[in-house]
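Please examine the structure shown below with attention to its aromatic rings.

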Amino acid sequence: MSHIEEAVACAMSPTADAALKQQATQYCEQVRASEDGWQPCLDLYIREPKSNSETRMFCLQVVEEVLMTRSNTLDESRLNYFRQTFTDHIQREYVKDGVDDNLSPEPAYIKNKFAHAVALLFRQMYLKSWTTFFSEMLAMIAPLPGSVGKSNIKMVDMFIRILKAIDEEVVNPLSHRFTTKEQNALNIAIKDRMREQDVPLLANAWYGLLNEYKDRRPEFGEQLLVIIGQYVSWIDISLIANERFMSLIYNILLTNPIRDCAAVCLTDIVKKGMKPLDKLQLIGFLGMVDVLKQVELPDDWEFRHRISRLVNNLGLQLCQIWQDTNPQANSSYPPEANLTGYNHISQLLPFLLRFLQDDDDNVCEAAFGFLREILNIFKTVKKASGSLSQDQKAFLRQILQAIVMKMKYRQDMEWFCVAIAGGQESVGTLGEDSIDDEELLEFLELRRELKRFYDQIAALSASLTTTFLHSAVTTTLTTFANEKATGAAGSLDWKDLELTLYLLYLYGEAIKGVPQFAVVAPSVGANGGKIVHPVPHAGAPLTPLGECLFEMCKSGVSAFPHPSVSANFFEIACRYTNFFDVRPDCIPDVLEAFVDARGLHHPIASNRTRAWYLFWRFVKELKVKLNPYVETVLNSIQDVLTVEATLPPSLSPDFDLSTFKDPMFETKTYVFEAVGLLISQESIPAQQQFEYLSVVVNPFLTEIQKSLEACRSIQASSNGAIGGNVAVGAGTSQHNDMELVWTLHHRLMALGSVAKGFPDILAKKTPGGALAAAAAGSAGPCGQIFKQVAEITLVALETLSRFQVIRSASRFTFGRLINCLGQDIQPYLPTLITGLLQECSIMELVEFLPFMGQVAHKFKTTIASILNGLFFPLVQKVFFFLNQVPNGTDEAMALVELRKSYLAFLMGLFSSELEDVFITEGNGQHLNLILQSVLHYAQDLSDVPVSRMAFGILLKAVNSWGSQGETPGSTVAPLANGKAPLANGTAPKSKLEAPGFYQFMYEHILRITFEVPMKSNFDLADGQSMLVLGEISGLQKAMCLKQGEGFLNYLSQVYLPSMNCPPDLVQEYCQALQQLDAKQFKKYFQSFIQKSRS
């Protein structure tokens, strides 16, 4: 034993020699692992005089491990040795001299570890040879001579710890570590024996000890209440739920300092799993509502929180009883059970309301479960009877008022600009992930939860909700307007107004269907008697929602000097833009707020950037109604239409301009787009549009020209990355160069954003309704300005094409200029595309291919001559990247995206009637290479959507070129060697010849239409794979249609026999292909593949 003490002391010593410490640790592990190592450890633990605490703790760990993991090595004699040793130790340490109020001097962690060891031994011996365990323990608790009737406090301390350990190891399914069937069966058997034999004794002991220790030693009373709550879930409830025991617990709840634990214990009693009628009887016996009426709720939020949890759980149980006994859902229960359950719920509702109104959010949230379920009950009641009772409606109004008040910011809270809707609709705001204030984040989450309850109430009674909100909103706004008009001291602070506007934002969600802002009598239409709601005229009487919005606009509330008020004002204006159709006189009130310091010029950055985005939304929705205000707006925001591009003062060696982000500028692009929307209104004369656009664009053109002059001095080796080993500071030439390029990028993006606001002239319609194709090349006076933008963008690209950000900005700008210039953009495209392809990354190419698809879609065959010369160099660039081995996950994912973009580009050419680009004199010689790439992706089932795209391209190719090589009406005889049949003559050509396609179709396309679905990894049960199968069956139908009898002959005489297909099946297949429609043949083809694979 001395060796163990020495080894533990050395292993635990921070100053011991490392080598000795390692040897000591190894020795300790040998003792732990040895078969009989527990015996000297047990002897050392109980030895007198006692060893040090570290050694005794190690000894208990060894004993614990044996009892926990190697108990099968212990025979009956050894188990009895453990029992006797433990009992003797308890007698000596916890029973002897236990007449005073002093506890054992053992450290708490030693007591807990020993109690756990006792519980492990109990688990092994209780059913077999230690059936008297609890009676022995209770006997040692009994008062000793000279104790004046008081129980043995030392043993009570240990017994409480042992009961907790037994709960952990045997009773509690969430905590015990035994998971095998045998171990679970043992636990169940132990609980059964305890219920039958010892739990009544324990319950009686708990009562006596609780009655004694609630005052003698309150911490023991707390622990006893915890134990009762732990055990009550599986013992006979009548042992606790009786008049004697409940009177004691209620007395503690009402008068004793340990009332918190009494509340928790009562919660556990209420939560006990029981049948509905039994639980209803229990709740009736408990009479908890009468007790709750007597509970005084102090300033102590923790106690209020526990009482709130008690009410919540009691309410949840009652709601579940109501649902279970609802006659419409279950007729096996007597009707009075459902009524009794609801009566109990009704008695509990005032407590629910009280806690929802509590100042502490934790207390309020603790009752949310009950609230959610009572609203579900109301929903069921309304569905069954068609309406709620007056009492239920009154309670709903009280609940609505309570949750609305909980939505209000507290006095000590700081406000941040966070979009009301949240989620993706948070452009320009800080975003909650940027807020460090934990209290504010919790409040915002609470508000979202409260809104869900608001939604439930609105669904239950829209009229109640709208009436309440209308009164709350108009009262507050009217009060504000009156105080403002009279100059009286304001009785409202920002929290009141913020809440009012927040409620107004939510108002529309209480209205089913599209919110109406003016009162218009519905009429019955001619279409089958359908109710028609005419569009209200300007000046029509307002609905309650319309009245609230009108009051908001005219009250001047947006001028209140707190950022939350103006922020919510703009959110509401953008949510209810249709309101301005019936009250256009309110538009100036909103626009004025937008363009001054309340909106686009707000001193707080997050408010300002959010206003930039909302201004764009407002303009986009109301563009045609803003014509009278365009000039005023443009003059008011001219100073906003600037670009400030700055970089961090110190750029680290790994800094790369291509990955740097400027969120503020990205949001500001919405303002530039809004300007384009305002200027481009058809109601504004063309010359006036030109003047407006000149004022906005010309300063940018001038600044860009100056920047380009300065950029000519930038080193040719500079490409946006710092490199090297030293950071670059502000004021250095390299930092200035980077900032210059970054500014140029921003200015190009700003011009592109202005162009984005202009309509697509290729999509404009003539008065007759046809597309204005004839005028597509004329963009009017504004087109001259946009041509200057195109020209200067190309100069920037030619000068700085090595900078990815310039290439990106150029592509963005031209993508928007296409709509503005129409056919006039085409002369610029070759230079643009060449500049973009010179130095581009994989991801740039992924983004560039859709741009080329946009060009092809817009201009179709008119772009063919330009596209002809650019097509194969573009394909070569794609192949260059696709043939590279990816370096890392990001590059691998980029290559996957490139494959998709490449195939989508090819598909787009067919869809845009540009398939001749593939087979021109310059490109036709490469057709086989392109088709082979498509063939490769069609056969690659590692990415099924890509495979489907590839088969779709092959289908387009067959539809375009599948008739070539055939004389109409001729029969094409297959060759004996299995080669594709040759045409008897030359077909008349309406299009260019697709070189080699005829042979490719028979040698490759036909082959993979059978090989791919035959693959073992082609999953016929997968939805995506079935889409591929549809493309394949369509492809075979197309080849049959284009090649006719010759294709069928080749299938029946050459290809299918080469697959060892039986003659009768060959004939059946060819008939199906020829006679069935596409949908029927797809089903047949699927069946054919399934049979062939089996």
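**Aromatic rings in the model**

Phe134 has a relative accessible area of 0% and is therefore buried (buried means under 20% relative accessible area, computed with a 1.4 Å probe on protein chains only). This is a predicted model, in which local features need pLDDT of at least 70 and side-chain atom pairs count only at pLDDT 80 or more, while totals for chains, interfaces and linings use all residues. Residues are numbered from 1 along each chain as its sequence is written, and side-chain values use heavy atoms, with hydrogens and water left out.

A pair of aromatic rings is described by the distance of the centres and the angle of the planes. The structure holds 58 aromatic pairs; rings of Phe, Tyr and Trp (its six-membered ring) pair if their centres lie within 6.5 Å. In one of these, the ring centres of Phe122 and Phe134 are 5.4 Å apart and the planes stand at 70 degrees, so the pair is edge-to-face, a term for planes over 60 degrees apart. Because Phe122 belongs to helix α6 (residues 108-125) and Phe134 to helix α7 (residues 133-141), the pair ties together parts that are 12 residues apart in sequence. Helices here are DSSP runs (H or I, at least four residues), numbered from the N terminus. Phe122 also counts as buried, at 0% relative accessibility.

Ring pairs also link Phe517, Phe569, Phe570, Tyr576, Phe579, Phe580, Phe594, Phe615 and Phe618 into a cluster.

Charged groups meet rings as well. The charged end of Arg244 sits over the ring of Tyr207, 3.9 Å from its centre (for Arg, CZ must be within 6 Å of the ring centre and within 35 degrees of the ring normal; for Lys, NZ is used). Arg583 lies over the face of Phe550, at 5.9 Å from the ring centre.

Technical notes
Rings of Phe, Tyr and Trp (its six-membered ring) pair if their centres lie within 6.5 Å; planes under 30 degrees apart count as stacked, over 60 as edge-to-face and the rest as tilted. Helices (H or I, at least four residues) and strands (E, at least two) are DSSP runs, numbered from the N terminus. Buried means under 20% relative accessible area, exposed over 50%, partly exposed in between (1.4 Å probe, protein chains only).
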